[in-house]
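Here are my notes on this one, as numbered points.

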Amino acid sequence: SPWRPTLLLLLGPGPAGGRQPTFSTSCARCSKNRRLRQKRVISERKLTRYFVDHRKVRVVGGRGGGGGHSFYSEPRKIFGGPDGGNGGDGGHVILKADRQMKSLSSVLPFYQGFHGERGGSKNCYGANGACMYVKVPVGTLVKEDGKVVADLTQHGEEYVAAYGGAGGKGNRFFLSNENRAPTSFTPGEPGQERVLHLELKTTAHAGLVGFPNAGKSSLLRAISNAKPAVAAYPFTTLNPHVGVVCYQDYEQVAVADIPGLIKGAHQNRGLGMAFLRHIERCRFLLYVVDLSVPQPWIQLQDLKYELEQYKKGLSERPHVVIGNKIDLAQSRINLPLLKEQIDNRVIALSALTGDNLEELLLHLRELYDAYVSTEQSRGQSPVKW
């Protein structure tokens, strides 16, 4: 007869002193079926509550511990002299860039460092207060009174936002030949207090720039594992998404989906300035135009104008023009007209059907390799994902 799995009976003491059978879970058929919990899908509207790229933070360093006040005394040595130790220094508040953080939503509006301990007797110094680390996303800009004081662009980079106060001096510190029994001691100093403005600029290699409903989110879903919301109405994407394109040699290129721009975005129209600053971090740009609209080259001119008005020279970064929706009949008619109007390379593709995505991925790798070689020639380390 074929082999069949059997249940192993384990006899254990019952509630009335008898034996009750318990089944072993070592058998596959008897083990509990535990399904992995899938991550809950969050809509784009709800996701805007979690994505925060501005935060006002008040930071206060820890107060230093007070100095000790005591005199050494033991049998047969009554006048041992002062032995009050110094207090410990207060802890700093430190901002630390972490690539696992994608938003400033977890940053609280107030942080205070740990206080130092008071100095003890027998010349014992008080313990220093521990430093408080605040994790922020890579690409966080720290401003104070409108001036940039730190730019955290590398993983693990730190910035001391508020220094802790110095510890007080114990009466042992004031011992001198003129004063053999000092009774004075000093309290700890308060920590530094500052009000900082944190501003997040998404750090990615490439940025998808285009008007609303041009197909940027669909393109990002097609070339990476990112899952931005896609719908048939404009302004579906309300916050930047970053997708990673992986190659066979284990190189990874980060592509950011910037929300759609409109005319007058540099004047804060539409989403405006809120997301133009995310394009500023991108090393090269991917202009996405809708080939199905009349005169698609007008879109490209308007996009470059908005970028140039926001920051001079931003539109002249290495870029490529992507003509999306080539699967439509009108797009095939407009494609040769677009190539006649502009001198840049045009990659015609369809994010919906996946047509000609290989050409985009190959050219994206060429732009990335050019960026890496340029950074290495300057003696700088390129951004890696």
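**Notes on the fold**

1. The strands here are strand 4 (residues 93-98) and strand 9, which pair in the antiparallel sense over four bridges. Pairing requires at least two DSSP bridges between the strands, and the elements are DSSP runs numbered from the N terminus (helices are H or I, at least four residues; strands are E, at least two).

2. Before going on, some housekeeping. This is a predicted model, in which local features need pLDDT of at least 70 and side-chain atom pairs count only at pLDDT 80 or more, while totals for chains, interfaces and linings use all residues. Numbering runs from 1 along each chain as its sequence is written, and side-chain values use heavy atoms, with hydrogens and water left out.

3. Back to that strand pair, which sits in an open sheet of three strands, ordered 6-4-9 with mixed pairing. Strand 6 (132-137) and strand 9 (158-162) are at the edges with a single partner strand each, so one side of each has no neighbour in the sheet.

4. There's also an open sheet of five strands, again with mixed pairing, in the order 5-3-10-7-8. Its edges are strand 5 (110-112) and strand 8 (147-152), each pairing on one side only. Inside this sheet, strand 7 (residues 140-144) and strand 10 (residues 193-200) pair in the antiparallel sense over four bridges, and Thr-140 stands opposite Leu-200 in strand 10.

5. For the overall picture, the protein chain has six helices and 16 strands. Of its 385 residues, 44% count as buried (under 20% relative accessible area, with a 1.4 Å probe and protein chains only). Taking contacts (heavy atoms within 4.5 Å) between residues at least 6 apart in sequence, 70% join residues at least 24 apart.

6. Strand 13 deserves a look. Five of its six residues are buried, so strand 13 is largely enclosed by the rest of the structure. Strand 11 runs parallel to strand 13, with three bridges joining them, and Leu-208 stands opposite Asp-257 in strand 13. Strand 12 (residues 241-246) pairs with strand 13 in the antiparallel sense over six bridges; Val-245 has Val-253 as its bridge partner. The hairpin of strand 12 and strand 13 has five residues between the strands, and Tyr-250 takes a positive phi near 70 degrees there.

7. Helix 4 (residues 297-310) reaches 20 Å from its first C-alpha to its last, close to the 20 Å expected at 1.5 Å a residue (1.5 Å times one less than the number of residues).

Conventions
Buried means under 20% relative accessible area, exposed over 50%, partly exposed in between (1.4 Å probe, protein chains only).
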